[in-house]
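Me: I would like to go through this model feature by feature. Please give the general idea each time, and then the case at hand.

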Amino acid sequence: MRWQQRSAGGGLLFGAAPQRDRRLRAVAGPKVAGWGTLTAIVRCPYCDTEDTRVIDSRPSEEGRAIRRRRQCAICGQRFTTFERASVVVTVVKRDQTSQPYDSEKVRRGLEAALADRPGAEDAVETVVAEVDAWARSGSAVVSSEDIGRQILDALRDLDEVAYLRFASVYKEFQGASDFEREVAALERES
Ligand SMILES: [Zn+2]
């Protein structure tokens, strides 16, 4: 069973059904109140025990995450965990089929466009982060065309060769005249 609700940003949030939360609390038993047991099942990365305590908790990433400092009750080691909302974004393709947004696909497209270009690795990371942030900040459904446009906008400022490579795939160039038209458009803009 799934539940969903609108986030503050308008996107849909998905998560476990409230019913499941109640079951988990029941399994946890009355010893530990409410969510305490659920957060305590993060195992110690040093000795693998389940008995860890939250010793500090504060907002991070401008309120989009909670950073928790924990201490193992057995070996005493301290470690950090992060809690973030996971927003599911659906991508509708040109043939009207849909699939979950996958930043690895964005990365593969960028790696092809930026192959052998100077600073390619940094450029790929930069654009993937930009497109990810865009995809997760708006509506719960985006089109593959919109994602392509976001990538083109980012590449136009970053690397014109990579821009033309990506545009040739995205805009389905048929021949040299398509490239000439695109180059002329780039020159008009710059
Ligand atoms: Zn430990």
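Me: In the hairpin of strand 4 and strand 5, which residue takes a positive phi?

Reply: First, a caution: this is a predicted model. As a general idea, most residues other than glycine have a negative phi. In this hairpin the residue is Gly76, with phi near 85 degrees, and five residues lie between the strands.

Me: How many bridges pair strand 4 and strand 5, and in which sense?

Reply: Seven bridges join strand 4 and strand 5, and the pairing is antiparallel.

Me: Is strand 5 buried or in the open?

Reply: Burial is read from the count of other C-beta atoms within 10 Å, with 20 or more needed for a buried residue. Strand 5 covers residues 78-84, and zero of its seven residues are buried, so the strand lies largely in the open. For the protein of 190 residues, 14% count as buried.

Me: What lies on the other hairpin of strand 4, the one with strand 3, and which turn residue has a positive phi there?

Reply: Four residues separate strand 3 from strand 4 in that hairpin, and Glu61 in the turn has a positive phi of about 50 degrees. The two strands pair in the antiparallel sense over eight bridges, with strand 4 spanning residues 65-72. Ser60 stands opposite Ala65 of strand 4.

Me: Where does Asp48 sit, and what is its phi?

Reply: Asp48 belongs to the loop between helix 2 (36-40) and strand 3 (52-60). Its phi is near 70 degrees, a positive value in a residue that is not glycine.

Me: At what angle do the axes of helix 4 and helix 5 cross?

Reply: The axes cross at roughly 140 degrees and come within 10 Å, helix 5 being residues 144-158. Angles over 145 degrees would count as roughly antiparallel. Helix 4 and helix 5 are therefore oblique to each other, and their crossing is right-handed.

Me: Which residues of helix 4 and helix 5 meet?

Reply: Helix 4 contributes Ala123, Val127, Glu130, Val131, Trp134 and Ala135, which meet Ile147, Gln150, Ile151, Ala154, Leu155 and Leu158 of helix 5. The contact residues divide into ten nonpolar, one polar and one charged.

Me: How far apart are the C-alpha atoms of Trp134 and Gln150?

Reply: Their separation is 8.2 Å, although the two residues are 16 apart along the chain. Trp134, in helix 4, has 17 other C-beta atoms within 10 Å, so it is partly exposed.

Me: How many helices and strands are there in the protein?

Reply: The protein has seven helices and eight strands. Among contacts between residues at least 6 apart in sequence, 39% join residues at least 24 apart.

Notes
Residues are numbered from 1 along each chain as its sequence is written. This is a predicted model: local features need pLDDT of at least 70, side-chain atom pairs count only at pLDDT 80 or more; totals for chains, interfaces and linings use all residues. Two strands pair if DSSP finds at least two bridges between them. A residue is buried if 20 or more other C-beta atoms lie within 10 Å of its own, exposed if 12 or fewer, and partly exposed in between; C-beta atoms are placed from the backbone. Axes are lines fitted to C-alpha atoms, for helices over the stretch in contact, and angles run from 0 to 180 degrees between N-to-C directions. Angles under 35 degrees count as roughly parallel, over 145 as roughly antiparallel, 65 to 115 as roughly perpendicular and the rest as oblique. A crossing is left-handed if the near helix is turned anticlockwise from the far one by less than a right angle, and right-handed if clockwise. Two residues are in contact if their C-beta atoms, placed from the backbone, lie within 7 Å. Ala, Val, Leu, Ile, Met, Phe, Trp, Tyr, Cys and Pro count as nonpolar, Asp, Glu, Lys and Arg as charged, and the others, Gly among them, as polar.
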